[in-house]
Amino acid sequence: MPLTVLTHPLIQHKLTILRDKGTGVKIFREVVGEISMLMCYEAMRDLTLESVAVSTPVAEATGMSLEGKKLALVPILRAGLGMVDGVLSLVPSAKVAHIGLYRDPDTLQPVEYYCKLPPDTMERDCFILDPMLATGGTASAAADYLKQAGAKSIKLLTILSAPQGVEKVSSDHPDVSVYTCAVDSHLNSHGYIVPGLGDAGDRIFGTK
C-alpha cells in the first residue's frame with residue numbers, strides 16, 4: 001500500500017496547533033480545513049490534464065484543464081465532514097458522498113448507519129476523508145462500500161494515523177493510497193491515538 005507522510009513545514013506547524021489541548025473549536029475547525037486543502041494538493045498531484053484553448057487579454061493561448069473532473073469526496077461521518085470544505089475550496093465541482101460509521105466502544109469494530117454514494121461512483125476518483133486513522137476499521141469498511149459500488153480509484157486522506165490503522169488498511173486494501181500528516185506511536189486501551197489530538201469529531205463540533 002502506498003503510504004505518503006506529508007512533512008511540509010506548513011502542515012507540520014498546523015498539526016501542532018491541532019494537537020494542543022488549548023486550541024478552541026473555532027481555530028481547530030479552521031486548521032482542519034487548512035490542512036485538508038494542503039493534503040488535497042498532494043493527493044491530487046496525479047490527476048490527468050487536457051489541453052484547452054483560452055483567450056488571454058493579449059493573445060490566444062493553450063492552457064491545461066482537469067480532464068473529466070470526475071471526483072468524489074467521501075467523508076466518514078461525522079469527523080470527516082470537517083475536511084470537506086478545505087478540499088472543495090480547490091475542487092468545487094467534486095461530488096460529495098457520505099458514509100456513516102461509528103466505532104463500537106466495546107469491540108472497537110465499525111458499525112454502519114448511513115451510506116449515500118453517487119450513482120456513477122465507478123467512474124470517479126474517490127477520496128475518503130477522515131481526520132483519524134486509529135484501528136483502521138472504519139476506513140477499511142468505507143473502502144469496502146466504495147468497491148462494492150464499483151470504485152476503481154480510491155485514496156484515503158487522514159490527518160493523523162496509528163501504526164495499527166495503517167497496517168489494517170494495508171492488509172485489507174493494498175490498492176488504496178494513504179496520505180497522512182504523521183504516524184503516531186500507538187493506540188491506548190480506548191482506541192485513541194497516542195499522543196494524538198483527542199477525539200477529532202468532538203473538537204471539530206464542540207461536543208465535548
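These are my notebook entries on a predicted model of one protein chain.

**Ground rules**

I number residues from 1 along each chain as its sequence is written, and I use heavy atoms for side-chain values, with hydrogens and water left out. Since I am reading a predicted model, I ask for pLDDT of at least 70 for local features and count side-chain atom pairs only at pLDDT 80 or more, while totals for chains, interfaces and linings use all residues.

**Entry 1: the whole chain**

I began with the secondary structure and found 6 helices and 14 strands. Both are DSSP runs numbered from the N terminus: helices are H or I with at least four residues, strands are E with at least two.

Next I looked up the radius of gyration, which is 18 Å; the globule rule gives 17 Å for 208 residues, so the chain is as compact as a globular protein of that length. The radius is taken over C-alpha atoms, and the rule is 2.2 Å times the number of residues to the power 0.38. I also noted that the C-alpha trace spans about 65 × 40 × 30 Å along its principal axes.

I then checked burial: 46% of the 208 residues count as buried. I call a residue buried under 20% relative accessible area, exposed over 50%, and partly exposed in between (1.4 Å probe, protein chains only). The exposed surface comes to about 10,400 Å², and carbon and sulfur atoms supply 55% of it. Those areas come from the Shrake-Rupley method with a 1.4 Å probe, and for residues only the protein chains shown count as cover.

For contacts (heavy atoms within 4.5 Å), I looked at pairs with a separation of 6 or more, and residues 24 or more positions apart account for 63% of them.

**Entry 2: the cores**

Which residues touch the most other members of the largest nonpolar core? I found Leu18, Met39, Met44, Leu157 and Ile159, in a core of 37 residues. A core here is a set of buried Ala, Val, Leu, Ile, Met, Phe, Trp, Tyr and Cys residues joined through side-chain atoms within 4.5 Å. The elements that give two or more residues to this core are α1 (9–19), α2 (25–43), β4 (71–77), α3 (81–88), β8 (125–129) and α6 (200–205). The largest share, 7 residues, comes from α2. Apart from this core I found another of 23 residues, among them Ile99, Ala142, Ile154 and Val166.

I followed up Leu18. Leaving aside neighbours within four places in sequence, Leu18 is in contact with Phe28, Val31, Val32, Ile35, Ile159, Leu197 and Arg203.

Phe28 lies in helix α2 and is buried, with a relative accessible area of 1%. Beyond four places in sequence, Phe28 touches Leu18, Thr23, Leu197, Ala200, Arg203 and Ile204. I also took the C-alpha separation between Phe28 and Gly206: 9.7 Å, for residues 178 apart along the chain.

Arg29 has its place in helix α2 too, but at 41% relative accessibility it counts as partly exposed. With neighbours within four places set aside, Arg29 is in contact with Ile204 and Phe205.

I picked Leu71 in strand β4, which counts as buried at 5% relative accessibility. Not counting residues up to four places away, Leu71 touches Met44, Leu47, Val91, Ala94, Lys95, Arg124, Asp125 and Phe127.

In α3, I found Gly82, Met83, Val84, Gly86 and Val87 buried. What do the buried residues of α3 pack against? I listed α2, β4, β5 (95–96), β8, β10 (153–158) and α6.

**Entry 3: cis bonds and a loop**

The peptide bond from Leu77 to Arg78 is cis, with omega near 0°, and Arg78 is in the loop between β4 and α3. The bond from Val194 to Pro195 is also cis, with omega near 5°; Pro195 is in the loop between β14 (193–194) and α6.

The C-alpha atoms of Pro57 and Pro119, 62 residues apart along the chain, are separated by 40 Å.
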